[in-house]
Amino acid sequence: MAQKRMFNIEVASNDNFIDLPAAAQALYFHLGLRADDDGFVGGIKQIVRGLGFDNDDVQSLVNAGYVIKFNSGVVVIVDWRINNSIRKDRYTPTLYQKEFTMLEVIDGKYVL
């Protein structure tokens with residue numbers, strides 16, 4: 001996993017994001033820090049519990065369209081490609097290839 005991540009101000013400063021509960025906003029940033037080079041995060045239950053969040057915070061992000069949660073429990077950050085660009089020589093493909101193949105990229109966003 002990379003040590004540096006970026007967040008686009010346009011993603012994090014729009015009214016939809018600002019309307020999220022503060023805990024859901026904070027969780028979004030924590031997920032961004034832990035995501036792999038394709039924006040996928042596994043072990044979501046451990047992250048949520050370990051950092052003092054709850055499932056409602058995850059559901060808020062899902063409902064607002066900031067993450068997609070798969071049946072496997074893995075989540076992907078929808079705006080990952082808007083937030084981050086990774087040089088090809090430093091890119092490591094996600095371990096979650098099954099979930100990755102279920103997505104399309106439209107206007108820089110992941111869509112099921």
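## Salt bridges

A salt bridge here is a side-chain nitrogen of Lys or Arg within 4 Å of a carboxyl oxygen of Asp or Glu. This is a predicted model, so to speak of local features we need pLDDT of at least 70, side-chain atom pairs count only at pLDDT 80 or more, and totals for chains, interfaces and linings use all residues. Residues are numbered from 1 along each chain as its sequence is written, and side-chain values use heavy atoms, with hydrogens and water left out.

The salt-bridge rule gives a count of three. Take Arg5 and Asp37: their closest N and O atoms sit 3.2 Å apart. This pair links distant parts of the chain, 32 residues apart, with Arg5 in the segment before helix 1 (9–12) and Asp37 in the loop between helix 3 (22–34) and strand 1 (40–41). Helices (H or I, at least four residues) and strands (E, at least two) are DSSP runs, numbered from the N terminus. As for accessibility, buried means under 20% relative accessible area, exposed over 50%, and partly exposed in between, using a 1.4 Å probe and protein chains only. Arg5 is buried because its relative accessibility is 13%, and Asp37 is buried too, at 10%.

Next up is Lys109 with Asp79, where the closest N and O atoms are 3.6 Å apart. Lys109 belongs to strand 5 (residues 109–111) and Asp79 to the loop between strand 3 (75–77) and helix 6 (80–83), so this pair ties together parts that are 30 residues apart in sequence. Lys109 counts as partly exposed because its relative accessibility is 37%, whereas Asp79 is buried at 3%. Then there is Asp89 with Arg87, at 2.8 Å between the closest N and O atoms. Asp89 is exposed, with 59% relative accessible area, while Arg87 is partly exposed at 49%.

## The nonpolar core

A nonpolar core means a set of buried Ala, Val, Leu, Ile, Met, Phe, Trp, Tyr and Cys residues joined through side-chain atoms within 4.5 Å. The largest one has 29 residues, and Leu31 and Leu61 touch the most other members. Two or more residues come from each of helix 1, helix 3, strand 1, helix 4 (44–50), helix 5, strand 2 (67–69) and strand 3. Helix 3 gives the largest share, four residues.

Contact means heavy atoms within 4.5 Å. Setting aside neighbours within four places in sequence, Leu61 is in contact with Leu20, Ala24, Leu27, Tyr28, Leu31, Tyr66 and Val67. Leu20 itself lies in the loop between helix 2 (15–18) and helix 3, and counts as buried because its relative accessibility is 8%.

## Helix 3

The expected span of a helix is 1.5 Å times one less than its number of residues. For the 13 residues of helix 3 that should be 18 Å, and the end C-alpha atoms are 19 Å apart, which agrees.

The buried residues in helix 3 are Ala24, Gln25, Leu27, Tyr28, Leu31 and Gly32. Viewed down the axis, they fall within an arc of 160 degrees, so they line one face of the helix; the arc is that of the directions from the helix axis to the C-beta atoms. As background, an α-helix has 3.6 residues a turn, so residues three or four places apart point the same way.

## The sheet

Two strands pair if DSSP finds at least two bridges between them. There is an open sheet of three strands, ordered 1-3-2, with antiparallel pairing. Strand 1 and strand 2 are the edge strands, each pairing on one side only. Three bridges join strand 2 to strand 3 in the antiparallel sense, and Ile68 stands opposite Val76 in strand 3.

## Two more residues

Thr94 sits in the loop between helix 6 and helix 7 (97–100) and is buried, with a relative accessible area of 4%. Not counting residues up to four places away in sequence, Thr94 touches Asp36, Asp38, Phe40 and Phe100.

Asp56, on the other hand, is found in helix 5 (residues 55–63), and counts as exposed because its relative accessibility is 57%. Its C-alpha atom is separated by 16 Å from that of Phe70, 14 residues apart along the chain.
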